[in-house]
Structures are given as structure tokens and as C-alpha cells.
Amino acid sequence: VSGVIDLAKSGQHSSLFGLRKSGKTSTIYAIERRCKPSDLHIVTFDCQDLAIHARRYGELLIHIVEKVRQSNSQKALERPADTEGAGISEWFHKAMSQTLTSLQSNLLLVFDEIENISPGTAASDHWRTGNDSIYFWQIIRSFAQTSKKRALSVCIVGTSPYILEQTKINGID
């Protein structure tokens with residue numbers, strides 16, 4: 001718990017993998033409890049939920065921004081006209097920058113049951129065999145690497161580290 005929080009506070013990413021019923025979700029709850037008094041805001045997404053894996057990558061990025069803003073009682077932003085390609089990437093960068101500025105803290109996004117939006121294992125075909133996982137993680141990574149006052153970190157949680165072990169997805173680095 002402390003390791004994940006320390007990594008997120010310094011803008012680094014983390015992961016937690018283990019067998020079913022081994023305490024991964026309980027660990028997420030412990031991280032959430034420990035973050036309340038600190039300068040780290042945390043929002044968790046259960047990727048097993050159809051509300052997550054049924055969305056295409058652009059819609060999921062919009063959903064993430066909306067959930068983060070709701071969790072901090074921020075007003076909603078105007079949704080982008082374009083939910084794919086350069087349009088959604090530019091919108092996400094701008095929207096997440098505004099959101100982090102309003103939060104006045106670093107942000108940790110936790111993706112539980114990551115297999116449901118991972119290539120080869122996802123519950124929805126566009127994540128399992130399409131390029132949604134590639135585009136989604138490229139946009140998240142690109143934003144997280146930009147230098148700014150506040151950092152976005154990701155913690156992925158699941159039963160298999162398959163997504164981290166692949167050097168290419170659909171032939172793309």
C-alpha cells in the first residue's frame with residue numbers, strides 16, 4: 001500500500017497482480033483509505049464493469065475525466081466532438097490538465113480487473129482484438145510523460161501481467 005502511494009506521489013506507475021481472491025481489491029480499498037488525508041487523489045475503475053469495457057478508447061478517456069471531476073465536485077467539461085484519433089488525444093490532454101490544476105494534487109488512476117481492457121483477454125472485442133488498448137495507453141502515457149506541476153499515475157491491477165509482458169500489440173510497440 002505504501003509503495004503504490006509513494007510511487008504515485010512521485011508521478012510513477014505501479015501494478016499489482018495476484019490470483020483470484022488473494023486480496024487485490026482489498027489492497028485497493030486500503031490505498032483509497034490511506035490517500036484521503038494525503039496530497040494524492042485516487043479514482044478506481046473496475047474494468048469488469050460493462051460501463052468500462054463496452055466503451056471504445058475515446059469514450060473511456062472521456063469517462064475517466066468525467067469520473068475524476070465528479071469525485072472532486074468539479075463541473076463537467078464540454079464533451080469533444082471527435083472521440084477518436086488526434087481529436088480525442090488533444091481533448092484528453094487539455095481536459096486532464098485542467099482537472100489536475102483544479103485538484104491541486106497528484107492523481108492516481110487505478111484500473112482493477114485490467115484483463116477486461118487488455119489485448120487477447122478483454123471482454124469486449126474492440127479491446128481484445130482491435131487497437132483500442134494501444135490507442136488508450138498511448139494517450140495515457142503521452143499525457144503522463146508531459147512535464148507539469150501535477151502528475152498523473154496509473155496502477156493496474158489484475159490476475160495476469162500479460163499486458164506488461166508484451167513488447168508489441170497487433171504489431172505496434
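## The open sheet

In this predicted model, four strands with parallel pairing build an open sheet in the order E1-E4-E3-E2, where strands are DSSP runs (E, at least two residues), as helices are (H or I, at least four), numbered from the N terminus, and two strands pair if DSSP finds at least two bridges between them. Strand E1 (14-17) and strand E2 (40-46) each have a single partner strand and stand at the edges, so one side of each is left without a neighbour in the sheet. On average, and with direction ignored, neighbouring strands of this sheet are turned by 15° against each other. Strand E3 (residues 106-112) and strand E4 (residues 152-158) run parallel and are joined by five bridges; Phe111 has Ile156 in E4 as its bridge partner.

Residues are numbered from 1 along each chain as its sequence is written. Because the model is predicted, local features need pLDDT of at least 70 and side-chain atom pairs count only at pLDDT 80 or more, while totals for chains, interfaces and linings use all residues, and side-chain values use heavy atoms, with hydrogens and water left out.

## Helices across the sheet

Helix H4 (residues 57-71) lies across E2 and E3 and runs at about 130° to E2, whereas helix H7 (residues 132-145) lies across E3 and E4 and runs at about 140° to E4. Contact here means heavy atoms within 4.5 Å; axes are lines fitted to C-alpha atoms, for helices over the stretch in contact, and angles run from 0 to 180 degrees between N-to-C directions.

## Aromatic pairs

The structure holds seven aromatic pairs, counted when ring centres of Phe, Tyr or Trp (its six-membered ring) lie within 6.5 Å, with planes under 30 degrees apart called stacked, over 60 edge-to-face and the rest tilted. The rings of Tyr57 and Tyr135 have centres 5.3 Å apart and planes at 55°, so this pair is tilted. The pair links distant parts of the chain, since Tyr57 belongs to helix H4 and Tyr135 to helix H7, 78 residues apart.

## The largest pocket

The largest pocket holds about 580 Å³ of space. A pocket is an open set of points on a 1 Å grid over the protein atoms alone, with protein on both sides within 12 Å along at least five of seven lines, whereas a cavity is a set where a 1.4 Å probe fits but cannot get out; lining residues have an atom within 4 Å of a point. Among the 21 lining residues, Trp137, Gln138, Arg141, Ile163 and Leu164 are the closest to the centre of the pocket. H7 gives the most to this lining, with eight residues.

Conventions. Grid points are joined across faces, edges and corners, and a volume is the space filled by probe spheres set on the points.
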